[in-house]
Amino acid sequence: MNISTGRFGPLLAGAMAAFAVTAAAVDADAQEPKRGGTAIIQMKGEQRILNPALRASTGVYYITGKIVEPLIDKSYDGYEPVLATEWSSSEDGLEITFKLREGVKWHDGEDFTCDDVSFTAMNMWKELLNYSTTLQQNLEAVDCPDPHTAVFKYSKPMPMDLMLAAMPDLGHPMPAHLYEGTDILKNEHNTAPVGTGPFKFVEYQRGQYVIAERNDDYWRGEEYPYLDRIVWRFITDSSAAAAALEAGEVHESGFIGVSMADVERLSEDDRFDVGTKGYENNVAHSTVEFNHRNPILADLKVRQAIYHALDIDAAIETIMRGYAKPGRGPVPSTGGANYTDDVPTYPFDIEKAKAMLDEAGYPAGDDGVRFKLRHRPAPWGEYTQLWAEFYAQSLKKVGIDVEILTNDAPGFLTGVYRDHDFDTANGWHQFRADPAVSTMVWLRSGSPNGTPWTNQFGWQSDEVDAMIDAAASELDPEKRAEMYHELQRISMAELPVIFAIEHPFISVTSKKLINHHNTPRWNSSSWYDLWLDQ
Amino acid sequence: MSLAEASALPPEEPSRALVFWRRYRRNKAAVLGLFLLGVIVLLALTAGLYEPVDPLRRAGEPLIWPFQDWATPLGTDQLGRDILAGIFHGARISLMIGVVATLISIAIGVVIGAIAGYFGGWVDDVLMRVTEAFQTVPNFVLLLTLVAILGSSIENIVLAIGIVSWTAPARLARAEFMSLRRREFIEAVRNLGVGDMAIIFKEILPNALPPVVVYASVIMALAILLESALAFLGLGDPNYASWGNMIGQGRSVLRVEWFVAAIPGIAIVLTVLSFSLLGEGLNEALNPRQKKG
Amino acid sequence: MSDVADTPTPILEIENLRVSLPKGADRPYALDGLNLTVNPGEIVCLVGESGSGKSLAAGAVMRLLPEPLVRMSGGSVKFDGQDLSTLTEAQMRGLRGDRMAMIFQEPMTALNPQKTVGWQIDEVLRLHTDMGAKARKARALEMLRDVHIPDPDSAFNAYPHQVSGGQRQRVMIAMALAMSPRLVIADEPTTALDVTTQLQILRLIRELQASQGSGILFITHDFGVVAEIADKVAVLRQGELVEHGPADDVLNRPRHPYTRALIAAVPDLRPPAPRDFSDAPVVLKAEGMLKTFKARGGMFTGKRKAVAAVDHVSFDIRRGETLGVVGESGSGKTTVSRCVTRLLEADGGRAELDGRDILNADARTLRAMRAEIQMVFQDPMASLNPRKRVVDLIAQGPIVHGMNPGKAREKARELLALVELSPAAAERYPHEFSGGQRQRIGIARALAMEPKVIVADEPVSALDVSVQAQVLRLLADLRERLDLSLLFVTHDLRVAAQLCDRVAVMEKGKIVEMGTVAEIFAAPAHPYTRKLLSSIPGRDWVPPVLKDDAA
Amino acid sequence: MPILIYALRRALQAVPVIILIMIGAFLLLKLAPGDTVDALVGDMGGADAQFIARLRAEYGLDQPIWVQLWRYMIKFLQFDFGWSFVYEQPVSVVLMERIGTTLMLMAASLFFAFTFGVGLGAIAARKAYSTTDNVISTLGLVFYATPSFFLSLMMIVVFSVKLGWLPVGGIKTVAGFYTGWKHVWDVALHLVMPTAALSLIYLAFYLRLMRASVLEVAELDYVRTARAKGAGEARLMFHHIMRNALLPVITLLGLQFSTLLGGSVVVESVFSLPGLGSLAYQSVVQRDLNTLMGIIFMSSVVVVAVNFLTDLLYARLDSRIELA
């Protein structure tokens, strides 16, 4: 508690930031931060593009979050100003104004101004950034009345809380002077980013590592950041990753970079902190997706029977080692006001499942089989595979024969989301702070064939579609929340998709790292206050 | 001293099978290989008798260590599946993969090699260019590509393994055919007016087979290793308990519950070893080069 | 040996030598009770058919038997009065190549293909002398000159494959004699060579032996060679010494029945009375037959060396007549046999079989014509499919040509009787037969097609002399009975003299001379023919006519 | 000069094979479900429809396959391997970054496998059917029978985690910034386990072949000749047997090179080595056609070159062969 707001100097304004620092200070356990050292981070996958305004993905933020900063970040207490210091919305929701921080310089020495925000918003966020193109489809222009004021103009009302929820991920300005007049998709800075963050990009060796080093001119003051350097190592094999952690070659492994068995094992090792803290903004659902074009699955009773046949608690214990909870629809329990647990549920009950299947007109044949399903599991690693096998075995017990069809990622995505060549599928889908920019695409009809993680299930409800659209532009947060509660209830009743298990990601972190996981999207954040106890 | 022994036949020789077995038996390691293979075949045959009959079914608590609970003598994996049941059924799958993939590759290889070796000339040139092309592409990369295209069902994996392993038997068959087609007994049947196809398949093929049969044991071993490597990369067929799948899944618990991967791993090592030893024995029995008495 | 006074110490004395074979072999001892003496300046020929154990005797002397499977189990070998069994392996190594040397049969395989000729001669000197590099090279070159290698300097630096077969054998001899050994063991040193080369090598061995005074143990199967070179002869049969004595005695007055039978089997150079074919119709008529072999080059190399293997060859054969084609290796005689049966496609010319051209017949006609011209091959093992029963081998041709399989098999059994094989042979596989029996099966297969012409390519050259005689007799007999025409390809002039009516002499793809056997052997016109005839080993020795000739 | 002409001819002969491979590979890859855009979108965690369509048009994936093939081959014949949409770099750059590691790994593995395989095979053959022979041969077979990933994982557990002697993976200590000999040593340490894992399997191949080859050559006539000359066992082995026995082994050396690259896929992914093997796997999974085609081309060239070199070596060792 000896860190006072005063230490942040005049640049840091706003109560939000002060709270954030206080939270961090608790983790630091009253130790004096030390300067210097290199933090080494294991990454399982490699995004290859290091421009958060072109690729909206935690894999990108994990690295670029330290180099390129968003307008706003999220703390446990709400929104924290980063490159924007203040924000406000017009009454009609058609104009949102950001006051930009002054005195911030890009790593190449140029000033950060509204031109950067305007250029990025119009050319990348609106045009090229996945998910953001939907969010910003009504953005007409970004005006710059002065170099440090950006006014976003919309043709339809933009709810402020939606905008705020989206901005930490989808609101990274890029340096306009380096992108203007170039082919944005092939710009060299997409893989060698220039930002305003506490670390400067140094080197990217594909398949090996990314290095960033301390930005000595960081706007938060010269004591930040504490670390000299951050290195991200790409280790795809999860056993090798665990070994690297134990051998001390790596300090942190995020987004479940090691196997669940190793997660459990390392959680008992006092060299490591293991937990889900810091992922509140990045919760995912393990799903069961139905192809409603199959008349058997179009029958609600069958879908409900399948839900009853799944022993979710056992799956959580065996597959996720307890680091998860049963899902309650498209909004996870970390979804804040938009979440409700007042929804219908389907407790594990084999007999009931069998009875419902009988009732639906699918009695067991002589061989005990009622019908067959072709199931496509997503190849996203250990737990999607195990979950698929768990699912198949569970259904076998109620007389549904499941054939698992394995494919690699493009094969899976094409098979399910373009060709609809499946009966059931499983995977996971990430919740991105606000239902409007994430899980609602599971329910909203009308996305063209071939769009992954959208409603390609052959399920459509006019009521749901209308409610989703209304919620996306509803300006009153309470009314919005109520609409999402209703959507959750419908989703749990109609079961277009089973949001079976809600699981945050898990990090294994060396205790040498101090001040880690102190924000709800910590792995994507800038780590300016992270330090290494050597 | 009569030199006219023309019509006196030498004493009748023991049957081919007996001679073969005598030669084979001389190699102790090969006999061990045959024994191992016998055990594996027995496992495969009796897999249906062992409970649980479905090796993918949850049989107990997850990750029970071997020899702890006699319901699951070799322990269970992460999903509580009985490892011993997996070993039983995996023997079936591994043998099936080994045998079928080998048959596919030998069939392709022998036909191509036979035609190239027998006809020579431009036919040989074209077929050998194709063979070279296949041989130049790293086989595992080709295998990955084929599995990506066909999907990971067990039939497709076997087919893909067969497709990537035919070049060696093709070259072998070609070499045999090239040398055999110049042999006098082939000239003799050509001189009798026997057609090309009959010469290829009825006259040369039986004589060209021994080295191919020996090589088949190598392919069988390779096929099992290739399948396990695919499974390790997560491209196995999850509908069957193959040993490769078991290792692939067991590797995530390798550090503590190492037995989940090690038991099927040892099963693979022993199976491949048995094929290799078998191959050595076959080689000495079918292509006796070193005269040992 | 009783006369100690004027006989010097023998270089080699073998007493009661016994060499054991491993269990399961056809007999317990490869050699049993062999006694042999080689004196300085003497050439002792050890004669025997294959399997007689003659080569193992050489191995026992050099102590190079493939132990422990085959080992010396009795008797003694004394070299220069010293019992070799008392020597250590190191002492033995000191002897080998130095005081006792060996010349092997196959000059092709007996030299290391990866080392130059010079290096391999040099190795002997390096192993057994302290000479400096220069002195060794001088000695090696001297040896190469002594064995009459045309260009010793370039031969010194050549690899074995770069010199001809005869030259290679000279190199072997140079290597063996480099240390002027007391004893030289020559194991069939000329068997793989052409007849003209053979004579040169035999002369060379004689010449060098005379100048160095070494004793030579000369192992051979060929009585012609024995007659050419031997001072003393020892005859081996199945590991037992049946007869030995001075060459003149054994060759001209053999006592032991086996020796007598062997000598009786040696074909006489004097042809039998000529037969007349002037009235018989011409069955096979070859005209201007041409075959060139192109050395196969790569896709992008333009240069291909063409070698004319058969260069405008013409001949004809009348019904019942036998035409011999003789020549040395590479003369094109085998190619003639393959072209005329169309196992090779000729590049030009005609070969008329009963007036129809077989060389240019279409596939359908050819198939039918094949029945009329059949072939008997050289290697009786290689020419029978090892995976087929004898009856199927013989019946195959008729079946292919449409005969009912049952009938064809029945006929096959009859043919076995014709070639003097027991009916039990029908159900067996080729590997169960001896060489001569296999050749009979080959003949039966050819006869099954009821051909007009049989082309026989060296049908007896892989056989032991006694078996050779039987097969030749069978051929002669069948020829008479079935009124067959024979195109008989051979390198062996003795065989040609006995069997053929006319002979065509080939050299470098061309027929240089053709005529009746009597004409050619009595008055050869072409210099090459003369050279061939004068090279026949033992041409001055006339095998005695023995009364109890084995029937 | 003759070698140059020979090399040129061999290169020309390789051209049709390589073009055959390239066209075959292109068409084959087009059969696979999904394309690189699907893979990219999957990696990103999803994207909306306009974005996907735009990307596909951008990459030319909306064209008919034969147009794509034609465009690719035209560029390819100008030695332009195109752009990797996954790595957002020219394929040539992507490959150049990776090829060093793979070549190092392959060369080291092949070297060890060859040296030890040949050495142990020769020893086993000279002591044929003895205990030494049995131990060597059996050990070789066990190594051969062990899946490489299994071996790799076991080595990591023992040598990195339990003993802490060797680094877990990667090609160098990332934050080490070593230079000079320290860098070389660092890289060497990182390559120890991958090399061992990859070479042990191939060691068995060479061992078995060498053993058989030595046994066969030892029976040949010229070895008997050398014995008759009075040569001792060591001399026989080194001057007469080895060189001839090596010939078939060398043939295998050339033939196996492409298998080795396939084998490195698994080893590279276990040890997180940034080589062509793991890149190939990634490219298949990502449908990064241009990169995969580049790898296939590169490995074909390497295989052709290695075969050429083994032929040269063969010709050098076998005096009977003349290059023409």
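Tutor: Let us begin with strand β2 (residues 72-75) of chain A, which is covered on both faces: Ile72(A) and Lys74(A) on one side, and Asp73(A) and Ser75(A) on the other, are all buried. A residue is called buried if 20 or more other C-beta atoms, placed from the backbone, lie within 10 Å of its own, exposed if 12 or fewer do, and partly exposed in between. Strands (E, at least two residues) and helices (H or I, at least four) are DSSP runs, numbered from the N terminus. This is a predicted model, in which local features need pLDDT of at least 70 and side-chain atom pairs count only at pLDDT 80 or more, while totals for chains, interfaces and linings use all residues. Residues are numbered from 1 along each chain as its sequence is written, and chains are lettered from A and ligands numbered from 1 in the order in which they are written.

The partner of β2(A) is strand β3 (residues 78-81) of chain A; the two run antiparallel and are joined by four bridges. Two strands are said to pair if DSSP finds at least two bridges between them. Asp73(A) has Glu80(A) as its bridge partner in β3(A). A hairpin of two residues leads from β2(A) to β3(A).

In the wider chain, an automatic or database domain assignment divides chain A into domain 1 (8-67 + 197-279 + 506-532), domain 2 (72-179) and domain 3 (284-503). The centres of domain 1 and domain 3 of chain A, taken over C-alpha atoms, are 33 Å apart. Their contact takes seven residues from domain 1 of chain A and six residues from domain 3 of chain A, where contact requires two C-beta atoms, placed from the backbone, to lie within 7 Å. Helix α8 (residues 260-267) of chain A contributes the most to the domain 1 side, namely three residues. That side comprises three nonpolar, three polar and one charged residue. Here Ala, Val, Leu, Ile, Met, Phe, Trp, Tyr, Cys and Pro count as nonpolar, Asp, Glu, Lys and Arg as charged, and the others, Gly among them, as polar.

Some backbone details of chain A also deserve attention. Most residues other than glycine have a negative phi, and most peptide bonds are trans. The bond from Tyr224(A) to Pro225(A), however, is cis, with omega near -10°; Pro225(A) sits in the loop between β9 (209-214) and β10 (229-234) of chain A. Arg321(A) has a positive phi, near 50°, and belongs to the loop between α11 (312-318) and β14 (325-326) of chain A. Because 19 other C-beta atoms lie within 10 Å, Arg321(A) is partly exposed. Asn515(A) likewise has a positive phi, near 75°, and is found in the loop between β20 (513-514) and β21 (531-532) of chain A. With 23 other C-beta atoms within 10 Å, Asn515(A) is buried.

Finally, consider the neighbouring chains. Of the five pairs of chains that touch, chains A and D have the most contacts. Chain A does not touch chain C, and their nearest C-alpha atoms are 42 Å apart.
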